[in-house]
Amino acid sequence: MAVFNQKSVLDMIKEFRKNWRALCNSERTTLCGADSMLLALQLSMAENNKQHSGEFTVSLSDVLLTWKYLLHEKLNLPVENMDVTDHYEDVRKIYDDFLKNSNMLDLIDVYQKCRALTSNCENYNTISPGNFQCGEKVDRKTYP
């Protein structure tokens, strides 16, 4: 099953490559895999902590908790009864600004852009939050 899900993600990225002109503002857009998304989130959370407490640190448990919440929120999945770290809105803004200023898109942004573009959205219905949470390795690449 993991191979099937990985194939779905890779097919989505191929679709993005074909239609990048309609999907993003620059030909130098960098796609972030799950590992880069986690790193960007960790840095965003550390920056937020620095602004609020003066220390540029964040615990791994807080990063993973926020990761889960971020995925659910961006994928419009239910977030009721989910724990979320303090100042989540600030972290989310720092994360989004970081991606924008770095000319980067994360996998969820690519998923949403491809889904909005294509008329055959059912190709992407097999992708679940689990694809973005662990096990998928999509290398960071610059396109075209």
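Q: Is Asn48 buried or exposed?
A: The model is predicted: local features need pLDDT of at least 70, side-chain atom pairs count only at pLDDT 80 or more, and totals for chains, interfaces and linings use all residues. Numbering starts from 1 along each chain as its sequence is written, and side-chain values use heavy atoms, leaving out hydrogens and water. A residue is buried under 20% relative accessible area, exposed over 50%, and partly exposed in between (1.4 Å probe, protein chains only). The relative accessibility of Asn48 is 1%, so this residue counts as buried.

Q: Which residues does Asn48 touch, not counting residues up to four places away in sequence?
A: Asn48 lies in helix H3. Helices (H or I, at least four residues) and strands (E, at least two) are DSSP runs, numbered from the N terminus. A contact means heavy atoms within 4.5 Å. With residues up to four places away left out, the residues that Asn48 touches are Asp86, His87, Asp90, Val91 and Ile94.

Q: What is the phi of His87 near?
A: His87, one of the residues touched by Asn48, is found in the loop between H4 and H5. His87 has a relative accessible area of 39%, so it is partly exposed. Its phi is positive although the residue is other than glycine, with a value near 60 degrees.

Q: In what order do the elements of the chain run from the N terminus on?
A: The chain has 7 helices and 3 strands. Read from the N terminus on, the order is α-α-β-α-α-α-β-α-α-β.

Q: Which residues have the most contacts inside the largest nonpolar core?
A: A nonpolar core is a set of buried Ala, Val, Leu, Ile, Met, Phe, Trp, Tyr and Cys residues joined through side-chain atoms within 4.5 Å. The largest one has 32 residues, and those with the most contacts inside it are Phe16, Met37, Leu41, Tyr95 and Val110. At least two residues of this core come from each of several elements, including helix H1 (2-18), helix H3 (34-53), helix H5 (88-101) and H6. The names asked for are again Phe16, Met37, Leu41, Tyr95 and Val110.

Q: Which residues does Val110 touch, not counting residues up to four places away in sequence?
A: Val110 is one of the buried residues of helix H6 (residues 107-117). Leaving out residues up to four places away in sequence, Val110 touches Met12, Phe16, Leu31 and Leu105.

Q: Which residue forms a salt bridge with Lys74?
A: A salt bridge is a side-chain nitrogen of Lys or Arg within 4 Å of a carboxyl oxygen of Asp or Glu. The closest N and O atoms of the Lys74 pair are 2.6 Å apart, and the partner is Asp106. Lys74 lies in helix H4 and Asp106 in strand E2, so the pair ties together parts that are 32 residues apart in sequence.

Q: To within what distance of the backbone nitrogen of Ile108 does a side-chain oxygen of Asp106 reach?
A: A polar contact is a pair of N or O atoms within 3.5 Å; within protein, one must be able to donate a hydrogen and the other to accept it, and residues adjacent in sequence count only if both atoms are side-chain atoms. At the start of H6, the side-chain oxygen of Asp106 reaches the backbone nitrogen of Ile108 to within 3.2 Å.

Q: Which residue meets Arg92 in a salt bridge at 3.0 Å, N to O?
A: The two partners are 4 residues apart in helix H5, so about one helical turn separates Arg92 and Asp96. Asp96 has a relative accessible area of 29%, so it is partly exposed. The residue whose side chain meets that of Arg92 is Asp96.

Q: How far apart are the closest N and O atoms of Lys93 and Asp97?
A: Lys93 counts as exposed because its relative accessibility is 52%, while Asp97 is partly exposed at 30%. They form a salt bridge in which the closest N and O atoms are apart by 2.8 Å.

Q: How much accessible area do Leu39, Leu43, Phe56 and Phe98 have together?
A: Patches are made of residues with over 30% relative accessible area and no salt bridge: like charges are joined within 9 Å, nonpolar side chains (Val, Leu, Ile, Met, Phe, Trp, Tyr) within 5 Å. Accessible areas come from the Shrake-Rupley method with a 1.4 Å probe, and for residues only the protein chains shown count as cover. Leu39, in helix H3, has a relative accessible area of 49%. The four residues form a nonpolar patch on the surface, and their accessible area together is about 360 Å².
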